[in-house]
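Q: I have a complex open here and would like to go through it piece by piece. Can you take questions as they come?

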Amino acid sequence: MTTPVLDVRGLAFAYPDGHQALFGVDLHVHRGERVALLGPNGAGKTTLVLHLNGILAAGRGSVTVSGLPVAKEHLKEIRRRVGIVFQDPDDQLFLGTVRQDVAFGPANLGLKGAALDRRVMDALDRVGMADFVDRPPHHLSYGQRRRVAVATVLAMEPEILVLDEPSSNLDPASRRELADILRSLDVTVLMVTHDLPYALELCPRSIVLSEGVVVADRPTFDVLTDDELMSAHRLELPWGFDPRRIDSLPR
Amino acid sequence: MGAGHGHRLHFHGHSPVHRAPAHLKVLALLGFMLVVVATPRQAYAVFAPWAAVLLGVVALSRVPVRYLLPRMVVEVPFVVFAVLMPFIAHGPQTEVLGVSVSEPGLVAGVALLIKGTIGVLASLTLAATTEPQDLIRGLQRLRTPDLVVQIMGFMIRYLDVVTAELGRMMTALRSRGCDPRSPRHWPVLARSLGALFIRSYERGERVHLAMLSRGYDGRLPQSGEVR
């Protein structure tokens with residue numbers, strides 16, 4: 001079996017105020033997979049995500065990215081390999097123009113000059129925002145800012161793209177455009193989401209996290225059609241949505 | 001949450017003043033203000049040519065006076081103080097329109113009014129003819145410390161975000177029967193501003209997390225590399 005892109009073993013973490021958020025999480029993601037991370041509010045999903053690039057240090061257990069353990073001495077390389085797109089694009093677009101924001105990551109990795117420019121334009125092309133390269137972020141719509149936030153992370157050429165609620169607050173057209181972009185990317189994806197149809201549409205496999213432990217790790221279709229599992233962990237399908245009625249599931 | 005145009009001070013145009021390099025405009029403003037402030041208080045005949053130069057620049061920039069005038073409201077506290085000065089200052093008294101006022105106070109008040117108005121109008125003209133990004137680049141060329149420039153950059157970037165949040169809070173306040181303009185509700189307004197400060201602080205922490213996640217190690221990439 002090849003080295004997983006993401007290998008989390010026995011991850012446990014408690015916040016300084018004593019609140020235990022993770023009780024020993026085991027999960028793995030392999031190259032090329034698109035996996036959804038589902039679970040009720042307060043399950044520990046965001047806490048888990050912050051461990052993946054070393055922002056939070058594990059109390060117990062380990063996180064390994066393509067064989068490299070997440071530890072202080074490797075943080076720079078880990079943060080290149082794991083690209084996290086946070087929920088609020090305004091938190092990630094903090095410089096004056098789109099170009100500067102997308103260049104921030106690769107510039108920190110040491111790229112300069114023409115190589116840096118190429119990396120920036122390439123990332124923007126992949127999300128369809130190349131025309132907006134010299135605009136200030138507050139001149140963009142919410143959906144456009146979301147896409148540029150994805151580009152800022154893609155520009156670092158990560159091995160895994162971790163998205164926190166990518167479809168939240170997007171209008172239906174933007175939601176579809178983002179789905180098209182994610183499908184077109186040739187990168188491993190871990191998507192934290194409440195949007196179950198989105199998870200079914202984009203991620204063949206789902207991991208359900210509840211109260212700090214993994215309670216399911218199966219094909220998304222199996223998770224969404226397991227009524228007992230869903231109701232035990234506050235997961236519900238939107239009104240009128242029936243996975244069994246969908247003709248062909250995405251692979 | 002649509003696309004907004006947040007340049008409340010910048011007036012779009014193509015005049016020679018708009019096209020002039022930002023660092024030269026900053027130096028010109030600084031030099032002009034030093035000269036105006038250094039002019040002795042009672043040399044009224046000297047203020048006239050300074051005012052004429054300033055009005056000439058405003059005319060050249062083609063920024064309408066009715067655009068600049070409302071924005072001069074920032075001077076109001078100083079105008080109020082200047083008007084009060086003849087009444088609260090000590091020293092030999094003199095008569096103006098039948099009212100006895102302090103002569104040094106009167107002179108100081110008039111000088112404050114003249115210098116303040118010239119200064120505010122000059123600064124507004126600079127702001128109206130210079131895009132914020134160009135202004136920052138101009139300051140960089142003038143060797144302003146990198147840290148100061150970066151802080152100003154963040155301020156410009158997040159000013160609109162914070163004021164939009166403030167706008168939403170005010171809408172929520174008004175929708176619940178609280179008028180921020182009435183003194184009775186000022187304590188609520190003060191608490192809302194406190195809450196806004198905390199939210200902005202927390203946003204700062206989230207931005208820091210995003211920066212760390214993209215490899216920030218304490219030094220921002222040199223300005224030459226990130227255009």
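Q: How many residues of chain A are in contact with chain B?
A: In this predicted model, 32 residues of chain A are in contact with 27 residues of chain B. Contact means that the C-beta atoms of two residues, placed from the backbone, lie within 7 Å.

Q: Which elements give two or more residues to that side of chain A?
A: Helices H2 (75-81), H3 (89-92), H4 (98-108) and H6 (142-154) of chain A do. Helices here are DSSP runs of H or I with at least four residues, strands are E runs of at least two, and both are numbered from the N terminus.

Q: Which one gives the most?
A: H4(A), with seven residues.

Q: And by class, what is on that side of chain A?
A: The side touching chain B has 13 nonpolar, eleven polar and eight charged residues. Ala, Val, Leu, Ile, Met, Phe, Trp, Tyr, Cys and Pro count as nonpolar, Asp, Glu, Lys and Arg as charged, and the others, Gly among them, as polar.

Q: What are the ground rules for numbering and confidence?
A: Residues are numbered from 1 along each chain as its sequence is written, and chains are lettered from A and ligands numbered from 1 in the order in which they are written. As the model is predicted, local features need pLDDT of at least 70 and side-chain atom pairs count only at pLDDT 80 or more, while totals for chains, interfaces and linings use all residues.

Q: Moving to H3(B), which of its residues are buried?
A: B:Val57, B:Val58 and B:Ser61. Buried means 20 or more other C-beta atoms within 10 Å of a residue's own, exposed means 12 or fewer, and partly exposed is in between, with C-beta atoms placed from the backbone.

Q: What do they pack against?
A: Helix H1 (16-19) and helix H6 (103-129) of chain B.

Q: What is exposed on the face turned away?
A: B:Ala45, B:Ala48, B:Pro49, B:Ala52, B:Gly56 and B:Ala59.

Q: What follows H3(B)?
A: B:Arg62, with a positive phi near 60 degrees.

Q: Where is confidence lowest and highest among the elements of chain B?
A: Strand S1 (residues 93-96) is lowest, at a mean pLDDT of 80, and helix H9 (residues 186-213) is highest, at 92. pLDDT is the predictor's confidence in each residue, from 0 to 100.

Q: And what ipTM does the complex get?
A: The predictor gives an ipTM of 0.83 and a pTM of 0.79.
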